[in-house]
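Here are my notes on this one, as promised. Have the viewer open while you go through them.

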Amino acid sequence: RVRVRGLSVHRPIIYGNSASVLTPKERESAPDSHTHRWTVAVRSAASNPNSDVVGGADDLGYFIKRVTFKLHDTYQNSVRNIDKPPFEVSETGWGEFEIAIRISFVPEAGEKQMTLYHHLKLHPWVEGEGSGPPPLDQAVKLGPVHSWQYDEVVFIDPFQSFLNVLTSY
Ligand code: SLL
């Protein structure tokens, strides 16, 4: 296995969550205490010219083997392994918490896992309000909450075989 010394390859990603207040109809089928639905995800921040997928949501699978989302212990099966794109988990719930996002790479990479942390955000920030989130009826009017961060996965001195994988997409 030959490393290509002096080279680093960057792959831009975004990670984070979107959240909305449950509609009255959704509340009927959700547990009583649940107020929001949300999706946490890791996505490509680059559009892949060889992919039909607009926005690149599906084009991380060639170098990411698995994304593990560790949810709050109040969730059943709080460790969620996602083995193909889209790398995301959707749930309903009532509270915000920290999610550990562990990214494992394809075997050719010969790379250790990488862990990111994201604070699940459900509540909009409202100027001039005291402490605490706005009431749900106000949150509905404000629309979905989005909390996303940009990052880059950097492969330093990649194996030649992995470089071939990275650059053939
Ligand atoms: C809080 N420290 O107290 C946080 C914990 C946990 C939220 C929030 C799921 C509950 C279920 C859920 O929303 N947990 O599935 O019953 O705000």
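1. Start with the lining of the largest pocket: His 34, His 72, Thr 74, Tyr 75, Gln 76, Arg 80, Glu 91, Gly 93, Trp 94, Gly 95, Glu 96 and Phe 97. By class, that lining splits into 3 nonpolar, 6 polar and 3 charged residues. The volume of the largest pocket comes to about 230 Å³. Keep in mind that this is a predicted model.

2. What takes up the space of the largest pocket? The ligand does. Around the ligand you'll find His 34, His 72, Thr 74, Tyr 75, Gly 93, Trp 94, Gly 95 and Glu 96. Sorted by class, this shell has 2 nonpolar, 5 polar and 1 charged residues.

3. Now the polar contacts, if you want distances to check. On the side-chain part, an N or O atom of Thr 74 sits 2.9 Å from a nitrogen atom of the ligand. His 34 brings a polar side-chain atom to 3.2 Å from an oxygen atom of the ligand. Gly 95 uses its backbone instead, with an N or O atom 3.3 Å from a ligand oxygen. As for burial, the ligand taken alone exposes 460 Å², and the protein buries 67% of that.

4. On the overall fold, the count is 3 helices and 8 strands. Read from the N terminus, the order is β-α-β-β-β-β-β-β-α-β-α. If you're setting up a box, the C-alpha atoms fill one of roughly 60 × 35 × 30 Å, taken along the principal axes.

5. Two bits of backbone geometry deserve a look before you do anything else with the coordinates. Which residues does a cis peptide bond join? Pro 85 and Pro 86, with omega at about 0 degrees. Pro 86 belongs to the loop that runs between strand S4 (79-82) and strand S5 (87-93).

6. The other one is Asn 77, which has a positive phi of about 45 degrees although it is not a glycine. Where is Asn 77 found? In the loop between strand S3 (64-70) and S4.

Notes. Residues numbered from 1 in each chain as written. Predicted model: local features only at pLDDT ≥ 70, side-chain atom pairs only at ≥ 80, totals over all residues. Heavy atoms only, no water. Near = heavy atom within 4 Å. Polar contact = N/O pair within 3.5 Å; in protein donor to acceptor, adjacent residues only side chain to side chain. Areas by Shrake-Rupley, 256 points an atom, 1.4 Å probe, with all protein chains shown as cover. 1 Å grid on protein atoms, 1.4 Å probe; cavity = no way out; pocket = protein on both sides within 12 Å on 5 of 7 lines; lining within 4 Å. Sits in = over half its atoms within 2 Å of the grid points. Nonpolar A, V, L, I, M, F, W, Y, C, P; charged D, E, K, R; others polar. Points joined across faces, edges and corners; volume = space filled by probe spheres on them. Helix = DSSP H or I, 4+ residues; strand = E, 2+ residues; numbered from the N terminus.
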